[in-house]
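Subject: Structure for you to look at

Hello,

Here is the structure I promised to pass on. Please open it alongside this note. My findings follow below.

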Amino acid sequence: MSGHLLDEQTIAAIRRHAINGRSVTEIANTLGISRDAVRRAVDEAGIARRRHLEPPVRPRQDVTWMEDAACTETDPELFVLEKGERATDAKTVCAGCAVIEDCLDYALVNNERGGVWGGKTEHERRGLKPRRAA
Ligand code: SF4
């Protein structure tokens with residue numbers, strides 16, 4: 001398959017794979033399309049509107065909670081902090097997010113660096129333990 005336009009069936013398949021935790025590379029290989037095409041489709045579906053909600057490195061990890069992430073409705077740049085930038089706006093979104101605990105757990109289990117996860121900055125996540133063992 002080539003070109004920028006993907007049919008609806010392919011887009012649905014990409015979305016399903018991404019929600020099930022398949023990596024961009026895995027999805028691209030499975031469906032025989034470019035990684036760029038996968039990234040675009042995932043982004044357009046609102047699954048990975050920001051860097052830290054991209055499909056996880058660990059294949060098949062449960063990431064269904066991402067479907068309820070409040071941040072997919074907001075500016076993704078709020079959650080990626082530049083040096084010295086305050087996290088106030090991102091934390092306000094997280095405070096009203098239904099999956100705040102899953103998000104924090106995910107960041108702790110995967111040792112995510114940078115940005116705001118589960119209402120906490122990288123600095124604030126240091127030393128915290130996930131609720132469940134990895
Ligand atoms: S807790 Fe914050 S960063 Fe995590 S999914 Fe919710 S809004 Fe996004």
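First, a term. Helices (H or I, at least four residues) and strands (E, at least two) are DSSP runs, numbered from the N terminus. On that basis, the chain has six helices and zero strands. The pattern along the sequence reads α-α-α-α-α-α.

Two notes on the source. This is a predicted model: local features need pLDDT of at least 70, side-chain atom pairs count only at pLDDT 80 or more, and totals for chains, interfaces and linings use all residues. Residues are numbered from 1 along each chain as its sequence is written.

**The chain overall**

Burial goes by C-beta atoms placed from the backbone: a residue is buried if 20 or more others lie within 10 Å of its own, exposed if 12 or fewer, and partly exposed in between. Of the 134 residues in the chain, 28% are buried. Contacts use the backbone-placed C-beta atoms too: two residues are in contact if these lie within 7 Å. Take the contacts between residues at least 6 apart in sequence: 56% of them join residues at least 24 apart.

A residue counts as near a molecule or strand if its C-beta atom, placed from the backbone, lies within 6 Å of it. There are 14 residues around the ligand, and Ala-69, Cys-71, Cys-94, Cys-97 and Cys-103 come nearest. Two elements give two or more residues to this shell: α4 (88-95) and α5 (100-109).

For residue classes, Ala, Val, Leu, Ile, Met, Phe, Trp, Tyr, Cys and Pro count as nonpolar, Asp, Glu, Lys and Arg as charged, and the others, Gly among them, as polar. The shell has 12 nonpolar, two polar and no charged residues.

Cys-94 deserves a separate look. It lies in helix α4. Cys-94 counts as buried because it has 23 C-beta neighbours inside 10 Å. Leaving out residues up to four places away in sequence, Cys-94 touches Ile-100, Val-116, Gly-118 and Gly-119. Lys-120 is 26 residues from Cys-94 in sequence, yet their C-alpha atoms are 8.7 Å apart.

Gly-96 sits in the loop between α4 and α5. Gly-96 has 9 C-beta neighbours inside 10 Å, so it counts as exposed.

Val-109 belongs to helix α5. It has 17 other C-beta atoms within 10 Å, so Val-109 is partly exposed. Val-109 and Lys-129 are 20 residues apart along the chain and 8.1 Å apart, C-alpha to C-alpha.

Axes here are lines fitted to C-alpha atoms, for helices over the stretch in contact, and angles run from 0 to 180 degrees between N-to-C directions. Angles under 35 degrees count as roughly parallel, over 145 as roughly antiparallel, 65 to 115 as roughly perpendicular and the rest as oblique. A crossing is left-handed if the near helix is turned anticlockwise from the far one by less than a right angle, and right-handed if clockwise.

*α1 with α2.* The two pack at an angle of about 145 degrees, with axes 10 Å apart. Their crossing is right-handed. Thr-10, Ala-13, Ile-14, His-17 and Ala-18 of α1 meet Ile-27, Thr-30 and Leu-31 of α2. By class, that contact has five nonpolar, three polar and no charged residues.

*α1 with α3.* The axes of helix α1 (residues 8-19) and α3 come within 9 Å and cross at roughly 80 degrees. So α1 is roughly perpendicular to α3. On the α1 side are Ile-11, Ile-14 and Ala-18; they meet Val-38, Ala-41 and Val-42 in α3. This contact has six nonpolar, no polar and no charged residues.

*α2 with α3.* Helix α2 (residues 24-31) and helix α3 (residues 35-44) cross at roughly 115 degrees, and their axes come within 9 Å. They are therefore roughly perpendicular to each other. The crossing is right-handed. Val-24, Thr-25, Ile-27 and Ala-28 of α2 make the contact with Arg-35, Val-38 and Arg-39 of α3. The classes are four nonpolar, one polar and two charged residues.

One more residue in helix α1: Ile-19. Ile-19 is partly exposed because 17 other C-beta atoms lie within 10 Å. Val-63 is 44 residues from Ile-19 along the chain, and their C-alpha atoms are separated by 6.1 Å.

Best wishes
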